[in-house]
Amino acid sequence: MVSMKCPFAPLNGPTCFHFTLKHLIPNATSHPPSAREPVRLARLFTGQLSQFSMQQSSLYDNNHYHEECLRCNSCGINLSGITQKRARRFKNQILCDLHFADVALMECSDFMNQLRSFKPQSLGCAVARRKSSTTLIFPLPPQSCSDEFCEEYPHQLIPTPGYWIECSRQNQNRGNPNVWDEQSESDFQEKEEEDSKDDEDEVDDDDEENEDFDGNEGARKKKRKNHANIQVCTEEDEDRLPRICEPTKTSIEEQWEKNGCFELTSVEQETYEKYLFGTEHWNYFTNDEDLGPVILSLKQETLNGRDQFRILVRAISYTVHGLIPASCVFADRYNREEVVRSLGKEINLSPPLTLGQLPDTPEELLKLDQVFIKSELKVGVIYVKEGQYTEEEILDNNDNSALFEEFLQILGEKVRLKGFDKYKGGLDTVHDLTGLYSVYTHWRGIEIMFHVGTLLPYEKNDPQKLQRKRHIGNDIVCVVFLEGDNTHFSPSCIKSHFLHTFIVVRCSPRSKRKPTRYEVSVITRDEVGAYKPYLWEQSTFRKLDRGAMFREWMLTKVVNGERASYSAPKFARMQERTRSQMLEDIVANLQNHAETGQIPKPYRRGSWRPIGHMRPSSPLLDSVR
């Protein structure tokens with residue numbers, strides 16, 4: 001009697017089927033055994049087994065397989081009898097046709113591939129962040145502009161190595177019909193004035209010729225003349241009037257009318273608070289041999305009538321989040337430990353994941369995320385006049401024009417620094433050492449302090465203007481107000497290791513007509529990706545309704561630019577150091593509690609550092625403060 005495992009059963013399944021030698025080797029017992037008989041039997045047995053496995057049909061024959069083997073490994077339905085044709089095999093699993101489709105689809109899904117590549121991606125991110133930015137190659141985003149494809153390149157900017165220019169992909173005179181064009185407007189006004197003069201001359205001639213007629217008749221003639229001239233003017237300028245009277249709305253204006261705001265870029269640190277915190281979920285941990293501390297958060301959900309597992313996996317350098325249908329996990333969906341064990345095998349974690357049972361673990365994970373979700377930003381604002389190209393010339397500006405003052409009112413309110421009790425952004429609010437006034441705003445739960453160059457301390461004897469540069473040069477995003485028609489801006493004029501994004505707002509000093517017209521350009525370092533709202537949707541704005549839409553657009557662009565810059569290697573390395581310290585402490589506390597049952601001591605002053613694990617503060621925490 002020989003025991004052979006059912007080829008369609010799970011690898012760890014208990015079922016098997018027994019074959020006798022006489023079924024596999026005919027005449028095996030008809031002759032007495034000899035000395036070489038075992039070798040011959042072994043060869044025949046191996047050949048029959050290979051032939052047996054090669055001749056298996058796609059259908060399952062209950063005469064050769066136990067009924068326990070013909071059960072769906074996902075839902076447990078019995079696939080014997082009339083349901084035998086529903087049985088499918090996927091790798092070493094038996095599934096019904098419904099769950100076979102789910103598993104086959106999930107096999108090629110993006111999130112499952114992300115889980116399987118979690119470890120190499122995490123290791124790759126750690127290696128890349130240890131390298132210098134000059135040794136890394138960053139692919140240009142699709143929103144970048146090139147002189148090969150865009151007629152407006154470089155969008156009134158000076159191309160600079162190490163920076164990419166965001167393309168508006170529209171002709172400002174034709175592509176944005178709802179923006180009032182200064183030249184076409186002046187031409188139309190001049191033509192309208194000439195026509196009105198001609199109308200007056202004709203009316204005067206008619207009045208002289210018809211001076212003997214009744215005055216009412218002359219008035220009626222005058223009205224008919226004016227009405228006829230207006231009709232002719234409308235027909236001649238039909239190409240211009242529809243753009244002014246009935247403008248077509250851009251996608252930005254449609255979003256503004258529909259939502260009243262624009263989309264903020266969501267960061268991965270907001271995922272836990274949005275989907276998991278405050279709901280029933282489980283946190284598993286391990287100290288992987290290659291990745292170090294890893295935490296997996298699992299939650300069961302029902303979406304569109306189907307059971308789903310929401311999964312969030314954190315490591316020091318990498319995080320993934322997504323949904324997996326419960327039927328796509330090679331485990332009993334009602335056994336949470338088996339589900340986690342299966343996910344751990346997909347990620348290739350060693351040692352396996354362990355359930356963390358400390359009651360304050362969700363709060364500690366939320367603190368971990370909140371360190372990197374900055375609700376307080378400091379943004380630089382510089383004023384550039386016509387013909388200014390160097391850092392010394394730009395920072396030497398000490399007076400604000402009327403257009404610049406109008407622009408600052410759009411960004412925020414002018415506040416007195418002394419005694420200011422809100423976010424100060426590194427400015428002195430006690431002794432007026434960093435100027436008397438600044439611009440501040442509280443927008444969508446985010447406090448923004450603008451470091452305005454003309455409001456910072458000014459010293460004539462300091463040609464480098466260090467008192468101004470030390471604030472603006474340590475910001476990540478800088479707004480450039482360029483008041484000029486023939487001056488192009490270069491990001492290299494402000495030398496800084498922190499400035500990664502420049503949002504240039506151009507306004508013509510010759511413009512006397514209201515509302516004020518603004519043209520926006522964006523230039524960003526290569527290591528920073530594109531961020532919304534994009535310029536190809538709209539890049540020119542007018543100050544309508546006190547600039548409400550333009551203000552919302554500008555602040556959204558500023559905040560998204562700051563968040564996009566966090567992925568740059570310089571800031572990612574700072575985040576990784578802080579994240580490593582916090583994850584190590586959380587996993588160490590969970591491990592200690594799992595082994596000894598001891599609960600960590602209370603944290604000191606609300607800090608995340610437990611007593612006995614005090615470490616020096618990280619540069620990222622210092623920058624946040």
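Q: What makes strand β6 (residues 282-288) mostly covered?
A: Six of the seven residues of β6 are buried. Buried means under 20% relative accessible area, whereas exposed means over 50% and partly exposed lies in between, with a 1.4 Å probe and protein chains only. The model is a predicted one, in which local features need pLDDT of at least 70 and side-chain atom pairs count only at pLDDT 80 or more, while totals for chains, interfaces and linings use all residues. Residues are numbered from 1 along each chain as its sequence is written, and side-chain values use heavy atoms, with hydrogens and water left out.

Q: How do you know that β6 pairs with strand β10 (residues 354-355)?
A: Two strands pair if DSSP finds at least two bridges between them, and β6 and β10 are joined by two bridges, in the antiparallel sense. Phe-285 has Thr-354 in β10 as its bridge partner. Strands themselves are DSSP runs of E with at least two residues, helices are runs of H or I with at least four, and both are numbered from the N terminus.

Q: What joins β6 to strand β7?
A: Seven bridges link β6 to β7 (residues 292-303), and the two run antiparallel. A hairpin through three residues connects them, and Asp-288 stands opposite Gly-292 in β7.

Q: Why are β9 (319-325) and β10 said to stand at the edges?
A: The open sheet has five strands in the order β9-β8-β7-β6-β10, with antiparallel pairing. β9 and β10 each have a single partner strand, so one side of each is left without a neighbour in the sheet. Further inside that order, β7 and β8 pair over nine bridges in the antiparallel sense, and Leu-303 is opposite Arg-306 in β8.

Q: What makes helix α12 (residues 361-370) mostly covered?
A: Seven of its ten residues are buried. These are Thr-361, Pro-362, Glu-364, Leu-365, Leu-366, Leu-368 and Asp-369. The cover over the buried residues of α12 includes α10 (271-276), β6, β7, β8 (306-314) and α17 (569-596).

Q: Why is strand β15 (residues 477-483) called largely enclosed?
A: Seven of the seven residues of β15 are buried, so the strand is largely enclosed by the rest of the structure. In a regular strand the side chains alternate between the two faces of the sheet. Val-477, Val-479, Phe-481 and Glu-483 are buried on one side of β15, and Cys-478, Val-480 and Leu-482 are buried on the other.

Q: Which strands pair with β15 in the parallel sense?
A: Strand β11 (residues 376-385) pairs with β15 over six bridges, with Val-479 as the partner of Val-381. Strand β16 (residues 501-507) pairs with β15 over seven bridges, and there Leu-482 has Arg-506 as its bridge partner.

Q: What makes a group of residues a nonpolar core?
A: A nonpolar core is a set of buried Ala, Val, Leu, Ile, Met, Phe, Trp, Tyr and Cys residues joined through side-chain atoms within 4.5 Å. The largest one holds 46 residues, of which Phe-407, Phe-450, Phe-481, Val-505, Phe-550 and Met-554 touch the most other members. Helix α16 (residues 548-565) contributes the largest share of this core, eight residues. Another core, of 29 residues, lies apart from it and includes Tyr-163, Leu-482, Val-504 and Ile-523.

Q: How do you know that α14 and α16 are roughly perpendicular?
A: Helix α14 (residues 402-411) packs against α16 at an angle of about 70 degrees, with their axes 9 Å apart. Axes are lines fitted to C-alpha atoms, for helices over the stretch in contact, and angles run from 0 to 180 degrees between N-to-C directions. Angles under 35 degrees count as roughly parallel, over 145 as roughly antiparallel, 65 to 115 as roughly perpendicular and the rest as oblique. The two helices are therefore roughly perpendicular to each other. Phe-407, Ile-410 and Leu-411 in α14 meet Phe-550, Arg-551, Met-554 and Leu-555 in α16.

Q: Why does Glu-562 count as buried?
A: Glu-562, in helix α16, has 3% relative accessibility and therefore counts as buried. Leaving aside neighbours within four places in sequence, Glu-562 is in contact (heavy atoms within 4.5 Å) with Lys-374, Leu-377, Lys-378, Ile-476 and Val-477.
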